[in-house]
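Please keep the sequence and the model in view while reading.

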Amino acid sequence: MRLSRYFLPTLKENPADAQIVSHRYMLRAGMIKQQSAGIYSWLPLGFKVLRKIENIVHEEQAKAGHIAMQMPTLQSADLWRESGRYDGYGEEMLRMQDRHGRDMLFSPTAEELFTDVFRSHVTSYKDLPLTLYQIQWKFRDEIRPRFGVMRGREFYMKDGYNFDLTKEDALHAYNRHLVSYLRTYERMGLQAIPMRADSGPIGGDDTHEFLVLADTGESEVFYDSEITDLKFGDREIDFDNVDQCQAVLEEFTSRYARTDETHDEAVFNEVPEERRRVARGIEVGQIFYFGTKYSDAMGAKVQGPDGKPVAVHMGSHGIGVSRLLGAIIEASHDDKGIIWPEGVTPFHVGILNMKQGDDEADAACDALYNSFTALGLEPLYDDRNERAGGKFANMDLIGLPWRITVGPRGLKNGVVELTSRRTGESEELPPEQAVARVAEIYKGIA
């Protein structure tokens, strides 16, 4: 994409009402525009990153054997009355009536909808196990929406639901989701720590939140520092293998890591003092096992092996797709702007022309642009007739991981400058070598 033809309304100054880094930088980088309290338009740059994150989630869900579908954003209140949650959910639920006076609500979550689909179409234990999921816009009427997309009222979320014959099968689904989520977050350049948590209005006894450490996190977290050394890496996992998934769960949850809601000071004090850490964390996902809570209430039963009806065991699993943008920025930025991990960057490389209108510089930039495009990579070419200082500041703000700077002086020596946004280190290379270096970096990224 040539920047002269792109819609990127960046701001030079920090907006006065933006309290945290991610909110400031998303507004300044032209990623979002607030339309009302806690509700945002996603502008092209923000929308590209949102789609990158969504695609990673879809890919990892597919690897785990989960099946995508789509539910409506508006739900009938009748289903929620059937489950017993309509009156108890609270004022966060946006309630309304249609023209016929029927009670409706804007989806804050979708346990009831998925349970209703299941009970309408699945009748035998032979159709189990089954995990369905969607990525859909949700709405929760936060009393004080703040921090941009980190605590908005409208948000984009992956929510999945497993249906299993037994508790043991459902706990395997729980472990499978934990493994899948670890892979998902690492692909985004994040270390998300699974922490024992409170289930809230979802219900159930078993639940883990995934939190990214950040000074602006809404939760106080307590953890054993050894857990931050754990990496999922490129290990191969058979998601049907119960023992393998259980081993990963135990590896990542055996060390102390809890939110303030479930913190146990006595247990925490058993961790060696030099490894005890207290910090802030941003929740980016949560998994639940809640047994037969919804299947009992809503009659979601199948015929068991003995021919008798049995209520299925269920769990739910969420990832805050739009919230992840804010979390990534909170975890990866400096005083100049965003630093995107390669896995979610909106463009793979920036090309900066130091002297727009110079025949040799223009030709070299065009050649770089075409080379990257031919390799299936997306460059962002700053071809505007602007001052070099402004171009550098803009590239730093939007945070592309790699930048190639092209100018007459370097071209006389047959080189361009390749710069890492994360480290600030630069290297002079012939243009074709710079292209090859960037292509090699992205070759290993799924």
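## Basis of the model

This is a predicted model, in which local features need pLDDT of at least 70 and side-chain atom pairs count only at pLDDT 80 or more, while totals for chains, interfaces and linings use all residues. Residues are numbered from 1 along each chain as its sequence is written, and side-chain values use heavy atoms, with hydrogens and water left out.

## Packing of α5 and α6

Two packed helices are described by the angle between their axes and the distance between the axes. Helix α5 (residues 167–187) packs with helix α6 (residues 242–253) at an angle of about 60 degrees, their axes being 9 Å apart. That angle makes α5 oblique to α6 (angles under 35 degrees count as roughly parallel, over 145 as roughly antiparallel, 65 to 115 as roughly perpendicular and the rest as oblique).

The contact (heavy atoms within 4.5 Å) involves H172, Y174, N175, R176, L178, V179 and L182 on the α5 side, and V242, C245, Q246, V248, L249, F252 and T253 on the α6 side. Sorted by class, the contact of α5 with α6 has nine nonpolar, four polar and one charged residues.

## Salt bridges

Side chains of opposite charge can pair when their charged atoms come close. With a salt bridge taken as a side-chain nitrogen of Lys or Arg within 4 Å of a carboxyl oxygen of Asp or Glu, the count comes to 29 salt bridges.

Within helix α2 (residues 44–63), the side chains of E60 and K63 meet in a salt bridge at 3.1 Å, N to O, and because the two are three residues apart in that helix, E60 and K63 are separated by about one helical turn. E60 is buried, with a relative accessible area of 1%, whereas K63, at 43%, counts as partly exposed (buried means under 20% relative accessible area, exposed over 50% and partly exposed in between, with a 1.4 Å probe and protein chains only).

## Two further pairs and a network

E111 forms a salt bridge with R85, the closest N and O atoms being 3.0 Å apart; this pair links distant parts of the chain, with E111 in helix α4 (residues 111–121) and R85 in the loop between α3 (77–83) and β5 (94–97), 26 residues apart. E111 is buried at 1% relative accessible area, and R85 is buried at 5%.

R403 and D396 also meet through their side chains in a salt bridge, at 3.9 Å, N to O. R403 counts as buried at 13% relative accessibility, and D396 counts as buried at 14%. Salt bridges that share partners join E59, E60, K63, R183 and R187 into one network.

Key: Axes are lines fitted to C-alpha atoms, for helices over the stretch in contact, and angles run from 0 to 180 degrees between N-to-C directions. Helices (H or I, at least four residues) and strands (E, at least two) are DSSP runs, numbered from the N terminus. Ala, Val, Leu, Ile, Met, Phe, Trp, Tyr, Cys and Pro count as nonpolar, Asp, Glu, Lys and Arg as charged, and the others, Gly among them, as polar.
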